[in-house]
Amino acid sequence: MLKKSLLIFFVMSLIATPVYAAAPTVESLELSINMVWVMLGAVLVFFMHAGFAMVESGFTRSKNTLNILMKNFITISLAALLFFIVGYGIMFGTSAGSFVGVDGFLLSGVEDIGFFVFQAMFVATCATIISGAVAERIKLGSYVLIVAAMTAVIYPFVGHWIWQGDGWLTAIGFSDFAGSTVVHLTGAIGAVMVVLILGPRLGKYNGKKVNVIQGHNIPLGALGVFILWLGWFGFNGGSTLAANPSLVPMVIGTTLLSTSAALISSALYTKLRFKKVDASLSMNGVLGGLVGITAGCAEISLGGSIIVGLISGVVLVEGIRFLDTKLRIDDPVGAIAVHGICGIWGTLAVGLFSTSTGLFYGNGLSQLGIQATGVIAIIAWVSLTIGSFTYLLNKVSPIRVSEEEEISGLDFAEHGSNAYNFKDSLLDSDDMTTSRSIPLADRLNSDIPLVNAKKTS
């Protein structure tokens, strides 16, 4: 009886004993930790698109909010799909003449899906820069086609030249760690070309006068800036592609200090320049500081990052004023100055402040010259490609909404609805024609619906 009981106990012990997997190795643990870090970075960059949506909608008028939100949703969705189908292959496929990738389409033969996911967030970021600059007057269909061209072809070429190991700019020593040029300058130049063809918003310029068209919700825009600031730690930190205990804290540290310095410098500069601390310019200063340090966040010292940020804040303020008042380029959210002018500055700053190749560390002008070459090349490429594409698109069918649609707002014109529940709406008015007699500036510079505007005028 005892033997039988012992046998039963032994069998039950075998059944109940869990089968343990082989003990993890150092290499497998390292791979897992690195994968988690890159995926966390991808999630943070994805969250940045909520920030872009808040900034763009907050700094523009309420009658276009729904349209801006839909553009941001479409941008990230379309960018991910097109990058999967063709963009990733062009960017990271086997190089043909150091110019373009020729395989890896539909991720054929690609094993590192995590890297694809991380990079897909970046291509969407580049495209959404255009969304803010063209806000309040572009047809949704035209915008979608422009995003398709940027994400499927134009951006991947730039990425191949700089981030593919044998791209031609990489070969000459060009350095852009996390994308001041690849992502931000590329998107900004695309925005410039589209805006030049699109033209300014109605009522923005009246002869020599530059009219201010107020955003409808600055707190919403401020929330967007904070979200972008948070997400940028993943944008720059995740670009290490590994949880390197010495590199990651340095990258995040330079990102934090540059951004903080840019906020302080832009706020102080607006106080000196305009006698008041300009809130919207100061918030954009945060974004300018982020873009400014993105190229060199892994090779600029903590002290150097503060200098880069201080200059970024001032460059941002003057850049927005120059584009708005001198070149008369109407950019409702300041995206071109933030991503373009600060992107150029950040790229060139590597040639000045890099601890390994920079001029201020005794390494001469060589790196600065290489950085300038890359900037010029990208400006030329994007200007030619997206400029030609948008010009032809506009010839086939105008990319801009009608004057009446722009005045009434793109929420209704493009989506048949509104982001906010107004008591009176344009649809409720049976005398829409008479609203045209209201002075154009009064209708454009207010978020009051046309019916209410007529009653209070």
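Entry 1: I started with glutamate 136, which is buried at a relative accessible area of 2%. Buried means under 20% relative accessible area, exposed over 50%, and partly exposed in between (1.4 Å probe, protein chains only). I noted that this is a predicted model, where local features need pLDDT of at least 70 and side-chain atom pairs count only at pLDDT 80 or more, while totals for chains, interfaces and linings use all residues. Residues are numbered from 1 along each chain as its sequence is written, and side-chain values use heavy atoms, with hydrogens and water left out.

**Entry 2: who pairs with glutamate 136?** Arginine 201 meets glutamate 136 in a salt bridge, 2.6 Å from N to O. For that label, a side-chain nitrogen of Lys or Arg has to be within 4 Å of a carboxyl oxygen of Asp or Glu. This pair links distant parts of the chain: arginine 201 is in the loop between helix H7 (180–198) and strand S3 (205–206), glutamate 136 is in the loop between H4 and H5, and they are 65 residues apart. Helices (H or I, at least four residues) and strands (E, at least two) are DSSP runs, numbered from the N terminus. Arginine 201 is buried too.

Arginine 61 also forms a salt bridge with glutamate 136, with the closest N and O atoms 3.1 Å apart. Arginine 61 sits in the loop between H2 and H3 and glutamate 136 in the loop between H4 and helix H5 (140–163), so this pair ties together parts that are 75 residues apart in sequence. Arginine 61 is buried as well, at 1% relative accessibility.

I then found that Arg61, Glu136, Arg201 and Asp330 are linked in a network of salt bridges. How many salt bridges does the whole structure have? My search gave 6. Another one joins arginine 400 and glutamate 406 at 2.8 Å, N to O, and both of those residues are buried.

**Entry 3: the nonpolar inside.** Next I looked up the largest nonpolar core, which has 90 residues. A core here is a set of buried Ala, Val, Leu, Ile, Met, Phe, Trp, Tyr and Cys residues joined through side-chain atoms within 4.5 Å. Tyr155, Ile162, Trp163 and Ile386 have the most contacts inside this core. A second, separate core of 10 residues includes Val251, Ile300, Val308 and Ala349.

**Entry 4: phenylalanine 122.** Is this residue buried or exposed? Phenylalanine 122 counts as buried, because its relative accessibility is 1%. I found it in helix H4 (residues 113–133). Leaving out residues up to four places away in sequence, phenylalanine 122 touches Val45, Tyr155, Trp163, Ala178, Val183, Phe235 and Ser239; contact means heavy atoms within 4.5 Å. Phenylalanine 122 and alanine 178 are 56 residues apart in sequence but 9.4 Å apart in space, C-alpha to C-alpha.

**Entry 5: phenylalanine 59.** This one lies in the loop between helix H2 (26–58) and H3. Phenylalanine 59 is buried, at 6% relative accessible area. Serine 280 is 221 residues away from phenylalanine 59 in sequence, yet 8.3 Å away C-alpha to C-alpha.

**Entry 6: out on the surface.** Finally I checked leucine 81, in helix H3 (residues 65–92). Leucine 81 is exposed, because its relative accessible area is 53%.
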